[in-house]
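Subject: Structure handover

Hello,

Here is the structure we spoke about, with notes on what was found in it. Please open it alongside the text.

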Amino acid sequence: MENPGKRSFRDVIVVGFAMFAIFFGAGNLIFPPYLGMVSGEEWFKGFICFIIADAGLAIITVLAMIRYDGTIWCVLKRLSKPAAAILAVISMLCVGPLLCIPRTCATTFELGVLPLIPACSSWVFGAIFFAAVFILTVKPSAVIDIIGKFLTPALLLTLAVLFVKGIVLPIGGIAAAQEGAQVAKEGFHAGYQTMDVFGALAITLVVVNTVKGKGYTGAKSQFSMISKSSLVAVLGLFFVYCALTFLGATSGELQLGDINQAGLVVTITERLLSRFGVVLLAVIVLFACLTTAIGLVSSSAEFFSRITKNKISYPVMVGIICAVATIISNVGISTMIAIATPLLNTIYPIMLTQIVLSFFNEKIHNDYVFRGAALGALITCVLGVACDFGANIPIIEKLPLASLDLEWILPAAICGLMGAVIPAKRRQRAATAAGR
């Protein structure tokens, strides 16, 4: 009979590797090197800010959700029903057909296909990519085990070759940070752009169901298993992102001009491993992004099918999401990032207030605390985005942590405290006491 401890350890590694691949596979490869190039000698400072805003917030989200049922509703349940529904739909649109899913295809095309087949049409590739996603999503297989046992080790091995070569024989020296670069702010922005908090909101239920399928049926054993797996994922992301940021920093003296995020990764890989490296990178990126797309399409289709009370069936919803994502993927990574920034800067902080407060769900008996914090974050973020588009609102720049785009924290805290003094309705107190 197999040792239960050995089996548990193996499950932790497999699930942890899978979580790492799902968070990493959606094109996150492109952000750390660019951050390193911009940050220069301050690359580690930028990396720390990046890892906090990316992996740190994503794992906090997972831990918040596994305390309950693993769905997005569990962190939004203290808001009003209309507000929770609107926020959930917007979040799932971001992680689904509007941003994250199209980016998996665009990343694969720009990193893997274009360097090898420059004449390839993005429309043709997009159609092929999402046809494969559709086929694999309509009849899903053991995705978590496939990723954890096979794809992630191959991905890590390939990246290890790249990292060792880049550290032993760097492609250039590390220059000073680019003029005008705010390294900490750039790090937080890059962490936001990965959208891994939204990814965590989508895939946590998949992880929970996988762990249940492995025999961990008790709430305590599930929490322990996923917590340990999350630590494996965080450690993997930490070392991989750190190495990628360093590789980007070594490109600072190459004078690459207005190169974009995807182009920089290809350039670094080709200089380190020649043409073979580009081919190898293309294969790994293809499978990593394909797997992530399958997971996100499946989660999104399940969510939107339930929203419509199954009037639109799961297979039909999968087809709709794949079709929309095919169209959007053709705008390119840089355009998607530009479009995503104002939306992320508005929605992310609101979700973060609810995620953090959910840890104190049993201690806070007044829903107005949650609603006040969300409202404070929303107002501040809308004004901040208006400033980014040229509006003159001096008070925003004077708020604490404004230099890091975290000016929403103080207003959210103040509005949450103001909500605490509003008398809670009797049904709120009863619902909280009953554990909702």
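Is the crossing of α3 and α13 left-handed or right-handed? The crossing is left-handed. The contact is made by Leu 57, Ile 60, Thr 61 and Ala 64 on the α3 side, and by Leu 352, Ile 355 and Ser 358 on the α13 side. The axes of helix α3 (residues 43-65) and helix α13 (residues 333-358) come within 9 Å and cross at roughly 50°.

Before the rest, a word on confidence. This is a predicted model. The protein has a mean pLDDT of 84, and 92% of its residues reach 70 or more. Confidence is highest in helix α16 (residues 409-420), at a mean of 94, and lowest in helix α17 (residues 426-433), at 55. Where pLDDT is low, the predicted coordinates should not be read in detail.

Helix α2 (residues 31-39) meets helix α10 (residues 219-249), with axes that come within 6 Å and cross at roughly 45°. That angle makes α2 oblique to α10. The crossing of α2 and α10 is right-handed. On the α2 side, Pro 32, Pro 33, Gly 36 and Met 37 take part; on the α10 side, Tyr 241, Leu 244, Thr 245, Gly 248 and Ala 249 do.

The other pair is α4 and helix α9 (residues 196-213), whose axes come within 9 Å and cross at roughly 95°. Angles of 65 to 115 degrees count as roughly perpendicular, and α4 and α9 are therefore roughly perpendicular to each other. From α4, the residues in contact are Ser 91, Met 92, Cys 94 and Val 95; from α9, they are Phe 198, Gly 199, Leu 201 and Ala 202.

Helix α5 (residues 100-113) has 14 residues, which at 1.5 Å a residue should span 20 Å; its end C-alpha atoms are 19 Å apart, so the two values agree. α5 is mostly covered, with 14 of its 14 residues buried.

α8 is also mostly covered: eight of its eleven residues are buried. The buried residues are Val 183, Ala 184, Gly 187, Phe 188, Ala 190, Gly 191, Tyr 192 and Gln 193. They pack against α2, α3, α5 and α13. Just after α8, Met 195 takes a positive phi of about 60°.

Val 183 belongs to helix α8 (residues 183-193). Its relative accessibility is 5%, so Val 183 counts as buried. Apart from neighbours within four places in sequence, Val 183 is in contact with Leu 35, Ser 39, Glu 42, Lys 45, Gly 46 and Ala 177. Val 183 and Met 92 are 91 residues apart in sequence, and their C-alpha atoms are 30 Å apart in space.

Individual residues

Phe 47 sits in helix α3. With a relative accessible area of 0%, Phe 47 is buried. Which residues is Phe 47 in contact with, leaving aside its neighbours within four places in sequence? They are Leu 35, Phe 238, Tyr 241, Cys 242 and Thr 245. Leu 35 is also in contact with Val 183, and Tyr 241 and Thr 245 are among the α10 residues that meet α2. Phe 47 and Phe 17 are 30 residues apart in sequence and 21 Å apart in space, C-alpha to C-alpha.

Thr 71 is in the loop between α3 and α4 (81-98). Is Thr 71 buried or exposed? Thr 71 is buried, because its relative accessible area is 15% and the cut-off for buried is under 20%. Not counting residues up to four places away in sequence, Thr 71 touches Met 65 and Leu 205.

Leu 401 lies in the loop between α15 (394-398) and α16. Leu 401 has a positive phi of about 65°, although it is not a glycine. At 41% relative accessibility, Leu 401 counts as partly exposed.

Regards

Technical notes
Residues are numbered from 1 along each chain as its sequence is written. This is a predicted model: local features need pLDDT of at least 70, side-chain atom pairs count only at pLDDT 80 or more; totals for chains, interfaces and linings use all residues. Side-chain values use heavy atoms; hydrogens and water are left out. pLDDT is the predictor's confidence in each residue, from 0 to 100. Helices (H or I, at least four residues) and strands (E, at least two) are DSSP runs, numbered from the N terminus. The expected span of a helix is 1.5 Å times one less than its number of residues. Buried means under 20% relative accessible area, exposed over 50%, partly exposed in between (1.4 Å probe, protein chains only). Contact means heavy atoms within 4.5 Å. Axes are lines fitted to C-alpha atoms, for helices over the stretch in contact, and angles run from 0 to 180 degrees between N-to-C directions. Angles under 35 degrees count as roughly parallel, over 145 as roughly antiparallel, 65 to 115 as roughly perpendicular and the rest as oblique. A crossing is left-handed if the near helix is turned anticlockwise from the far one by less than a right angle, and right-handed if clockwise.
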